There are 2 protein chains.
Amino acid sequence: MNTEQIVLKSRPRGLPTEENFSYENIQLPELQPGEVLLEAICFSVDPYMRGRMNDAKSYVPPFQIGQPVEGGVIAKVIESKSDQLLTGDVVTARLPWRQQTLASAKILQKVDTTVAPASYYLGILGMPGLTAYFGLLDIGKPKAGETVVVSGAAGAVGIVVGQIAKIKGCRVIGIAGSDNKIKSLKEEFGFDEGINYKTTKILRKDIARLCPNGVDVYFDNVGGEISDAVIANMNFHSRISLCGQIALYNSTEIPMGPRLQPILLTRSVLMQGFIVSNYQGRFSEGINQLAQWVKDGSLKYTETKVKGFKQLPKALISLFNGANTGKMIVEV
Amino acid sequence: MNTEQIVLKSRPRGLPTEENFSYENIQLPELQPGEVLLEAICFSVDPYMRGRMNDAKSYVPPFQIGQPVEGGVIAKVIESKSDQLLTGDVVTARLPWRQQTLASAKILQKVDTTVAPASYYLGILGMPGLTAYFGLLDIGKPKAGETVVVSGAAGAVGIVVGQIAKIKGCRVIGIAGSDNKIKSLKEEFGFDEGINYKTTKILRKDIARLCPNGVDVYFDNVGGEISDAVIANMNFHSRISLCGQIALYNSTEIPMGPRLQPILLTRSVLMQGFIVSNYQGRFSEGINQLAQWVKDGSLKYTETKVKGFKQLPKALISLFNGANTGKMIVEV
């Protein structure tokens, strides 16, 4: 059987371009016992994938030149040689960027589309939702009445972080890159305030104004100068949950900035980096709680959907221009 | 009664000089009920005091121009109008830099000179010892077999940190600023290895060589480029206890450096700033354990002693040139 795949053609320097990807037609091997044939329904594009395009040691191994890019996928079983999955079942896993692919049933997780639409399992009930859940609650430990600032607030993770902080009784300020995003954070997702970092004059002062009691928890998706401005406003005994550094992912040199240790030291601040897989053993706790909040309406969700398998590279690149509100999904 | 005091004459820019201090002869008021008259035995000079010379909000209020400098002092009661203290008692508190002074008995802590020499209560059984104890054990959480790196290793705090890490079964590498200090860390205090940061060519590589399994705990007394080099070698799930930033205390501009968040993020590193007073409620636990280790010989201690009240400013300034091994004490 023939199918199309998208491979990494070359490693980008700085912002990736479509030139870094190529399209190939390949022949899939025979289906083996224990395996299923899958047809992709939708693909996840996520900022962390930029790191895998470099040839550098990180928490996930780099993509290989000439090999298909891989990421979170929702797919339907169209043929099964496994007794664990039936034709028609919907599953998720980290899989290659292919229209059809073979996979061992063992690596696939069945998703329940009666609880939420399938694509939610790439977002609020998948890695981004779990990242928000554990990064905020386990590291940030927000208490009712505290002030929480989220950068990349309109992204797949940020939008969930802000809402969980509201559920916990906090004042929530989101930082994002357009007036429309800010409007939606406040009107649709219940953030108390929002700051458009592209139009603010002195971000540090805007944060000080909107956080009259200082910042108790900073959930950082972006890094760089936005984070410098937030960190200048951190309270004594405050917490920084380091989740992403999208502002730096395309840097070609070691990024420089003001040293943070004097602030962290004099104010007894905790800064903790994490990746969601640190919490693997508690994923079902997280998914159950998130699904509960989605069902009872206390957690709203939004996706930016792009149509067409061939649009995957463009959709990934667009994340770095802030094209998305909420989770970016590519539907086949 | 007349006595001499040392006041802050002007605020330093950069490294303090003796010009920033002046000497005054003052008349002490009448001793009041509840008070005692004290004669200083020895004074503590500590790196954190540099911060109090600036007119900036920090965890301790700034020294005031024209007012006496204050710091840790051991003194003997020479007259008492309190029923809690007798003439001849030895006490400690944060007190003005004066040969004699009056103080309310309530703020004074009696010290037991049968357990250890009086000056130890400014060092290993005082703030520096407690800083090492809580910063290492509560934040660094070293486990047997792990690798611990200490900067400012020959200072009052560092020398205790390294020894506690050895008691806990760790491999310990100290960074200090002279070959003599390194020799003493290894031969007298049981450090496994030492690095002279003034003569090393590429500190980052030396650390990598001496820490073949990476760095699990970094106890940071100095900040700046030394810390950059250590942090480049941190392991997944490692911990940084931020105790001091002596390399930056005399900066006149905001110090810049490579952004650390990408490393902290991809390796799930914890960085926690602290001040010893966060642990006020557990001081007696710390002092008892430290005294126990001193008594059984597992914790060795060293002081650099300077003689003469008038030497106080010079002794404080010399800390920033690395003049001390272990705790710097000025004896009257």
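Which strands of chain A does helix H2 (residues 127-140) of chain A lie across?

Modeller: The model is predicted, so local features need pLDDT of at least 70 and side-chain atom pairs count only at pLDDT 80 or more, while totals for chains, interfaces and linings use all residues. Residues are numbered from 1 along each chain as its sequence is written, and chains are lettered from A and ligands numbered from 1 in the order in which they are written.

Helix H2 of chain A lies across strands S8 (147-151), S11 (215-220), S12 (234-242) and S14 (270-273) of chain A, and runs at about 150° to S12(A). Here helices (H or I, at least four residues) and strands (E, at least two) are DSSP runs, numbered from the N terminus; contact means C-beta atoms, placed from the backbone, within 7 Å; and angles, from 0 to 180 degrees, are taken between N-to-C directions of axes fitted to C-alpha atoms, for helices over the stretch in contact.

Of these strands, S12(A) and S14(A) run parallel and are joined by 4 bridges (strands pair if DSSP finds at least two bridges between them), with A:Ile240 opposite A:Met271 in S14(A). S14(A) also pairs with S14 (residues 270-273) of chain B, in the antiparallel sense over 3 bridges, where A:Leu270 has B:Gln272 as its bridge partner. Both faces of S14(A) are covered, with A:Leu270 and A:Gln272 on one side and A:Met271 and A:Gly273 on the other, all buried (20 or more other C-beta atoms, placed from the backbone, within 10 Å of the residue's own).

Conventions: Contact = placed C-beta atoms within 7 Å. Buried ≥ 20, exposed ≤ 12 C-beta atoms within 10 Å, placed from the backbone.
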